[in-house]
Amino acid sequence: MTESSRQGRLFVVSGPSGVGKGTLVAEALKKLPHLRRAVTYTTRPPRKSERDGQDYHFVSVERFERLKDEGMFLEWAEVYGNFYGSPKYDVERLRLDGNDVVLVLDVKGALAVKRQCPDAKLVFIEPPSLGELRQRLKERGTDPPDVIARRLAKAQWEMEQALHFDHRVLNDTLENAVNKLVGLMQRPDGGDGCECHA
């Protein structure tokens, strides 16, 4: 298969809230010219640093429901009262163009994508400890204490699911974690092109 006809691979990066998966993927995108991020749709409001169309597609609940009913999502879920959905056709288009594609999802979403696309490579981002994760969530400054407590309670279950992932990356320092993630995405056994099932 030539480079121009090569179907791209699908990577799903996941892990507990606050572990830094978005930051790691943003750095990996700078280093891997054939990697593209498929931008998730969400009904939650943007945080101060987030931009529509780059971090997420921020949409109303009504529009999200229409997209869902039209079969636009590879997977979707409700998380903390907000909806999130992975754009199926964006993923397919990017991969058919020969790009590797990365999705940044919560753990349930990652496992749902694996069911749709068994050859997708799941990468779990691990915090050094739950104590460190708690500190990162506090420093992020986007959630009140009760939401942080819920995220930490969920994180324990999420970390137990890491055994269902293809790779694990410890986010101890940004440089180490980025290098490991980029290395996984560069390896020839990172995964061949696969068909996602509707």
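These legends accompany close-up views of a predicted model. Local features are taken only where pLDDT is at least 70, side-chain atom pairs count only at pLDDT 80 or more, and totals for chains, interfaces and linings use all residues. Numbering starts from 1 along each chain as its sequence is written, and side-chain values use heavy atoms, with hydrogens and water left out.

**View 1. Tyr56 pairs with Phe58 and with Tyr84.** Rings of Phe, Tyr and Trp (its six-membered ring) pair if their centres lie within 6.5 Å; planes under 30 degrees apart are stacked, over 60 edge-to-face, and the rest tilted. By that rule, the whole structure holds 7 aromatic pairs. Tyr56 and Phe58 make a tilted one, at 5.8 Å between centres and 55° between planes. Tyr56 and Tyr84 are edge-to-face because their planes meet at 65°, with the centres 6.0 Å apart. This second pair joins distant parts of the chain: Tyr56 sits in the loop between strand 3 (41-42) and strand 4 (57-58), and Tyr84 in strand 6 (residues 82-87), 28 residues apart. Helices (H or I, at least four residues) and strands (E, at least two) are DSSP runs, numbered from the N terminus. Buried means under 20% relative accessible area, exposed over 50%, and partly exposed in between (1.4 Å probe, protein chains only). Tyr56 is buried at 16%, as are Phe58 at 18% and Tyr84 at 17%.

**View 2. Trp76 belongs to an aromatic cluster and has a lysine over its ring.** A charge sits over a ring if NZ of Lys or CZ of Arg is within 6 Å of the ring centre and within 35 degrees of the ring normal. The charged end of Lys68 meets this for Trp76, at 4.7 Å from the centre. Elsewhere, Lys108 lies over the face of Trp157, 5.9 Å from the ring centre.

**View 3. The largest nonpolar core has 24 residues.** A nonpolar core is a set of buried Ala, Val, Leu, Ile, Met, Phe, Trp, Tyr and Cys residues joined through side-chain atoms within 4.5 Å. Val13, Val102, Val123, Ile125, Leu181 and Met185 touch the most other members. Helix 7 (174-186) is among the elements giving two or more residues, and its 6 residues are the largest share. Beyond neighbours up to four places away in sequence, Leu181 touches Val13, Leu24, Val25, Ala28, Val123 and Val169, where contact means heavy atoms within 4.5 Å. Another core, of 19 residues, lies apart and includes Val101, Leu105, Val113 and Ala120.

View 4. On a 1 Å grid over the protein atoms alone, a pocket is an open set of points where a 1.4 Å probe fits, with protein on both sides within 12 Å along at least five of seven lines; lining residues have an atom within 4 Å of a point. Of the 44 lining residues, Lys21, Gly22, Arg47, Tyr56 and Arg140 are the closest to the pocket centre. Helix 1 gives the largest share of the lining, 7 residues.

**View 5. Gln161 lies in the loop between helix 6 and strand 9 (167-170).** Gln161 is buried, at 13% relative accessible area. Leaving out residues up to four places away in sequence, Gln161 touches Val107 and Leu111.
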